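Q: Hi! Could you walk me through this structure, one piece at a time?

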Amino acid sequence: MTCAMGSQCCKNLTNGDAHTIANNNSTDVVQNGIEETATQSLEVLGPKLSSLRPYYPTQEPIFPPDLKINHKEYHGATVKICGPRVTWIRPISLDEMLQLKKQFPKARFVVGNTEIGIETKFKNQSYPIIVSSTHVPELTYIQDTDQGLQVGGSVTLSQLDGELKQRVRTLPEFKTRIFSEVVEMLKWFASQQIRNVASISGNIITASPISDLNPLLVAAGATVQAMSKDRGCRTLTMDKDFFCGYRQTALAPDEILVSVVIPFSKSNEYFGGFKQCNRKEDDISMVNAGMLVRLSEDWEVNKLVLAYGGMGPALVLARSTMETAIGHSDLSALQPMDSQELKTMQVVGAQDSRSKVTDCVGQIIPHKAALQQSTGQAVYVDDMVPTQDEVHMALVTSTKAYAKILTIDHSAALAVPGVVDYISAKDVPGQNSLQSQMDSVFSEDEVTCQGHIIGAVVADSADVARRAAKMIKIEYEDKSPIVITIEDAIKHSSFYTGERRISTGNLEAGFAASTFTLTGEIRLNGQNHFYLETIATRALPGEAGEMEVFCSTQHPNCVQEKIANALGLPSNKIVVRTKRMGGGFGGKETQSALSAVPCAVAAHKLQRPVRCVLDRDEDMITTGNRHPFLAKYKVGFSPDGKLHALDLELYSNAGNSLDLSFAVAERAILQIDSCYKVENLRIVAKCCKTNIMSNTAFRGFGGIQGTFIAEAIQEDVAEYLGIEPFKVREANFFHKTDLTYYGMNAGGDSVRRCWNMCLDKSDYFRRRALVDQYNRENRWKKKGLAITPVRFGIAFLQSFMNQGGALVHIYTDGSVLVTHGGTEMGQGLHTKVIQMASETLKIPMSLIHISETATNTVPNALATAASVSTDLYGLAVKVACETLNKRLEPIKAKHPHAIWEEIIAAAFRDGISLSATGFYKTPGIGINMNTMKGIPFAYFTFGAACTELQIDCLTGDHKLLRTDLVMDVGDSVNPAIDVGQIEGAFTQGYGLLLLEDIKVTPDGAHLTRGPGNYKIPSFGNIASEMNVYLVPDSPNPSGAFFSRGVGEPPLLLALSAFFAAKDAIRAAREDSGASPRFRLDCPALPQHIRMACADEISKRFPQVDPASYRPWTVDL
């Protein structure tokens, strides 16, 4: 067939045409002193990018012609779709809709249908009749009236937003104050995608007690028009009686909300909206409000309406305050938070200036898979094309935290069409054990946490499998005691055997020499990994018991071993392959096996490929989090803040199995001195056995917990003495020749170098004076400024784990395939390894490729973790490349002018092996965990951070204003990737410390099961100004190509943000006359910041005795 485009057909265009277009539109790019053209920049983004066909808008997929031609027919007819469980009806007239409302009063009437998915998925609701009002003309109009703007019930929030903005631009300011606040609230209402389909009537009728719009409408005195088939139309005012109960309105069961009138404001009326939540964008409100005040000519209040959401089962009016405020005129608390222009990142130093043949290591090279990932071409496990007979698996998990299993009835699930089988412990041919990760593959007799895996349903689709899994009936017998929190574990002495204990110096003498002693407690709660790609597995059975497994895991060898153990097969029959992960952060180190092994068991039993991709809620309930910690301390110190003695008890919440909890505790112990010298020290660490999902590895791995505790003690000492925390930290810094308590050089000179550079780059002292001045001039808004250091050891604590292997093939065309034991999860490991291979072989990066990580190419590889992968696998690849270089030396000597491809061809003809293995083990490290003496780390990575933060003392809200991050990464292999790691780690650490909140009830039920109620940082949480500085001229002889590990250490930089918040709170407490000493645990959420300000308002709400009530959630 001939294309209608003729000679302009895209198939006839050459690559040159594309480059001509690109070059004609390109500009030169200058980045960090390196000038390059736009085309050159494109060339490094991906292999053979120039071979792609050029983009032409004329070749976009066309809109389906049938929908264009028959548009009116499709939109002008009633649509009724009947499914096995749901009937969907879309009427086209108001009369038809009223008849449906009369006929089906309990049917769900929807516009965007944004609430139904949540209710059916998480609340197990069923709606057999759904009526869509999107095509009813009487509900989709917008018109101006004398009273205000009349908005049809089916008008979307995006349409409403546009119409309100148009009137704000054209009408007098005083008339549109209500409109402006609705527009402002819509900016933070859900996401743009939701606003594009959700309607104003949906928000009103849903009657959520935390609706963001309803308080505004009630405060404004909006009116609604309701209509029924039999009684006609009536108008209701949205007042104190409109929302009459939990998710109930004053509308009758047979009525439809036809329209809403949002009134104009009057010249003497002022209107405000308020929303308090953990995160500004796309977050559910904790409390929200609409506020209207009418002022007299003397600026006294003569009318006030305060409508609040989140204060009860329905919206409430603060009637007493509304009455009391009449006649008052103090509006000083209405000052907004600072709004600063976003500034771009700065990068200084750390580029490798050594002369090299390829100019590769040390250069700014984009992530090797950046193009594929940003265009959606990157293939993850669930993107893999299914085979013809592939089936899907859904897990059956416990709903109880601690109970005996009496019966399991899966008959109803097996009767569902499409269900293939139910898999349980009896189907495990080998050992029903996962060792330390989770005692068993499938629980048989007892469950010890909610989310404990009991079985699995296999079906021909994921939806059917999940629906059938919910139909499994399990009868339990509750057991006690249920241990959820660290305090529960202490009360019931529920600990894993083998506490960790260290002692150095003379503790009693240290306390005797101290002028002051102080005791206290410090708590750091957990954090969910919330990687973009949930854990996913595909298991494909082969011949003679072979099994090929594709898994999103940081530890393919662990998955291989546990599958082999469960199937009763040797490991050589199991191949685990990982091409890439969509994030890991430690959560896919051991716990990928929790669903991967059941998937392999199902594939083995059915002899069919099985796919198991966890939904977000399944992932969050069946996998563990970061370990919560509780520290109880006694510290002795002198008047200048110098610490002389520290006695510390550490408790970590390990969960229902041990997993890596002792390793996390050991790392916390080793990190407890942070950057500070403490001569006399005693630490006892215990791992609590509780009835929550087993906690596991997480970026920072005990280091963040230990450092947080160390820094909190520094702050507490400073508060006690009434001096700046900055001075206490400096008084306790390690000096150049100081050793840590376990006998390793502490790197005091590097600590001080990063500290001084951060003081300089952040302009700390000038800004300290400005912050103090701001706080003196403002009562209800305060700023804080804090600077904190970082020292993080790089190595696995078990010395045998510090090894890595690699395999390098050179093909006869000169191309090179590199395989190593590390996995790629977005951190850029493969890119750095390719750079190092390029440098060693002295060939361009374009000739080198890394396909995947697999257990049949590099065996016995350890987890990609601990910030050591660049060192272990980069140096293993370097060893393999050097072996190849040595083999090629005679050929190069014979053909001194030959190019690479010619050298390889000659070597092949001479029978030289073009394949080599490489192995690297970190030398000279090891520590006795019983005595805590030795050299546990290959080296330290250092840094410092200074952060400025503003708080609202009345709401507890906060805003990051500026952060300056300094990291010593040695001679960076790739500064661009390292800076990305620093930014990402800081932001993730900020989420741990000031945002993310895991909610678990006292009986162990998990409430945070997805993005609806668990919020990670978003764009609005990023500092208005973020500067990243890499320390120059700091080669590290112990690291790969003189670099330092950078994956985990920058997470600790976020401590500066937490202590900046504490600094701001201290300023607020000073104004109210409260003590500068106060406890602030992590995460410091708005309610904690608000109450810590301790002003005359918060004092009206004294802390309630915890024993006097049952809390909704508990601190783990």
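**Two packed helices**

A: Happy to! This is a predicted model. Let's start with helix α7 (residues 157–170) and helix α8 (residues 177–187), which pack at an angle of about 140 degrees with their axes 9 Å apart.

Q: OK, so are α7 and α8 oblique or roughly antiparallel to each other?

A: They are oblique to each other, because roughly antiparallel is kept for angles over 145 degrees.

Q: Which way does α7 pass α8?

A: α7 passes α8 in a left-handed crossing.

Q: And which residues in α7 and α8 meet?

A: On the α7 side you have Leu157, Leu160, Asp161, Leu164, Lys165, Arg167 and Val168. They meet Phe179, Ser180, Val182, Val183 and Leu186 in α8.

Q: New topic: sheets. What is the order of the strands in the open sheet of four?

A: The order is β36-β35-β34-β38, and the pairing is mixed. The edge strands are β36 (848–849) and β38 (915–921), each of which pairs on one side only.

Q: How do strands of a sheet pair in general?

A: They pair through backbone hydrogen bonds, either parallel or antiparallel.

Q: In which sense do β35 and β36 pair?

A: Strand β35 (residues 816–820) pairs with β36 in the parallel sense, over two bridges. As an example, Val816 has Ile848 in β36 as its bridge partner.

Q: Which helices pack on the sheet?

A: One is helix α26 (residues 829–841), which touches β35 and β36. The direction of α26 makes about 125 degrees with that of β35. Another is helix α27 (residues 869–894), which touches β34 (803–810), β35 and β38. The direction of α27 makes about 140 degrees with that of β38.

Q: Let's switch to annotations. Which residue does UniProt's "active site" cover?

A: That annotation, from an unreviewed entry, covers Glu1048. In the model, Glu1048 is found in the loop between β43 (1025–1030) and α30 (1055–1072).

Q: Is Glu1048 buried or exposed?

A: Glu1048 counts as buried because its relative accessibility is 8%, and the cut-off for buried is under 20%.

Q: What is Glu1048 in contact with?

A: Leaving aside neighbours within four places in sequence, Glu1048 is in contact with Phe698, Arg699, Gly700, Phe701, Phe792, Ala866 and Ser867.

Q: Which residues does UniProt list for "binding site"?

A: The unreviewed entry lists Glu589, Arg667 and Phe701. Phe701 is also one of the contacts of Glu1048.

Q: Where is Phe701, then?

A: Phe701 sits in the loop between β32 (680–689) and α22 (703–721). Phe701 counts as buried, at 18% relative accessibility.

Q: Last one: which helix holds Asn565?

A: Asn565 lies in helix α18 (residues 556–567). Asn565 is buried, with a relative accessible area of 18%. Apart from neighbours within four places in sequence, Asn565 is in contact with Gly430, Gln431, Ser433 and Gln435.

How values were computed. Residues numbered from 1 in each chain as written. Predicted model: local features only at pLDDT ≥ 70, side-chain atom pairs only at ≥ 80, totals over all residues. Heavy atoms only, no water. Pairing = 2+ DSSP bridges. Contact = heavy atoms within 4.5 Å. Axes fitted to C-alpha atoms, helices over the stretch in contact; angles between N-to-C directions. Buried < 20%, exposed > 50% of the residue type's maximum accessible area, 1.4 Å probe, protein only. UniProt positions renumbered as here; feature names shortened; annotations may be inferred. Parallel < 35°, antiparallel > 145°, perpendicular 65-115°, else oblique. Left-handed = near helix turned anticlockwise from the far one by under 90°.
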